[in-house]
Amino acid sequence: SLAADLICAMRDDAKLILCGDFRQIMPVGHGKPLLDMISAGFPYGELTEIHRNSGDIVRVCADINAGRKYVPSTGSNWKNGENVFHFPRNSNADQLRCLRSIYENAPEEFDRIDGIQVLVITNESSPVSKKPVNDMLQEMLNPKGNKVGPYGLRIGDKVMCVENGEATDVHCIACGDLAEGSVVEFHGGFTCLRCGTSIRSTELDTDYCANGELGKIIESGGDGLHVRFDFPRRVLRFTGEQMKRIELAYAGSVHKFQGSQIPFAILLADDSTGAAMVASRQLLMTAIGRAAKLAATIGK
């Protein structure tokens with residue numbers, strides 16, 4: 001329906017170029033317009049030079065695309081292209097213990113919060129789905145963060161906006177965007193710690209925050225929370241019902257991260273009933289293909 005609305009809105013003399021990978025996960029809604037157009041004979045070309053990643057990640061993704069059984073790396077020199085690892089585990093408890101061990105022993109080059117991303121298949125249907133894994137990783141990676149808001153979040157947490165909408169753009173009208181720890185809230189407004197400027201709440205603008213944006217909670221924000229986003233870089237304040245749009249993102253679904261690039265991606269294989277409804281070769285390839293340098297799968 002979105003593709004139909006787009007085409008209906010185009011001028012008669014307009015040209016449309018669609019760019020995507022029809023080998024990744026199928027759309028969540030009905031229809032698969034890119035693949036359908038190719039199947040119907042529309043002209044198309046393929047980009048064949050890989051820029052996102054290299055080594056065994058590329059080989060494994062090609063094998064999955066071709067319907068072949070793939071073989072993980074046989075060596076451990078990830079900088080030399082041996083960069084896809086599988087850790088067979090038969091229970092959810094063993095999977096989580098393995099995940100903890102990977103965090104504890106991962107190469108120092110990978111920041112434990114920004115450099116490693118756990119990918120899951122479902123949100124809540126099993127012990128290795130998004131919510132329980134996020135709870136475990138929050139306690140492991142940010143145990144001393146001060147709690148903020150009513151939804152179990154802490155200052156320092158890695159979070160994601162999960163719904164499109166607006167929030168308050170927190171910035172200093174004198175010196176620009178705010179860095180971490182550079183603002184103090186007072187009744188009716190804020191004070192910039194860098195230049196001392198008082199910022200009335202009425203002077204702050206609103207900004208759009210899209211579903212899927214990753215950020216970090218940097219302030220309590222008084223009756224809300226302040227989240228720093230990097231693409232584009234800004235600090236947004238979420239209050240009241242807006243806070244429901246912010247969720248932990250130490251672990252996230254493969255669907256949410258489709259199109260993203262991650263230094264070290266870890267997929268938790270899930271054989272629950274809920275996961276069986278969406279698990280596919282396309283999902284496996286999409287998960288491994290998110291990794292720029294290193295990929296791992298844990299499970300049966």
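A search of the whole structure finds zero disulfides, a disulfide being a pair of cysteine sulfur atoms within 2.5 Å. The model is predicted: local features need pLDDT of at least 70, side-chain atom pairs count only at pLDDT 80 or more, and totals for chains, interfaces and linings use all residues. Residues are numbered from 1 along each chain as its sequence is written, and side-chain values use heavy atoms, with hydrogens and water left out.

Two cysteines illustrate the result. For C161, the closest cysteine sulfur belongs to C209, and the separation of 3.7 Å is too far for a bond. C161 has a relative accessible area of 0% and is therefore buried. Buried means under 20% relative accessible area, exposed over 50%, and partly exposed in between (1.4 Å probe, protein chains only). The sulfur of C98 lies 20 Å from its closest cysteine sulfur, that of C61, again too far for a bond. C98 is buried as well, at 5% relative accessible area.

Three aromatic pairs are found across the whole structure. Rings of Phe, Tyr and Trp (its six-membered ring) pair if their centres lie within 6.5 Å; planes under 30 degrees apart count as stacked, over 60 as edge-to-face and the rest as tilted. W78 and F110 form a tilted pair, because their ring centres are 5.0 Å apart and their planes stand at 50°. This pair links distant parts of the chain, 32 residues apart. W78 sits in the loop between α3 (56-65) and β1 (84-88), and F110 in the loop between α4 (92-105) and β2 (116-120). Helices (H or I, at least four residues) and strands (E, at least two) are DSSP runs, numbered from the N terminus.

W78 is buried at 17% relative accessibility. F110 is buried too, with a relative accessible area of 3%. F110 also pairs with F264: the centres are 5.4 Å apart and the planes at 55°, so this pair is tilted. Here the partners are 154 residues apart, with F264 in strand β18 (residues 262-268). F264 is buried, as is F110.

L6 belongs to helix α1 (residues 2-9). Its relative accessibility is 43%, so L6 counts as partly exposed.
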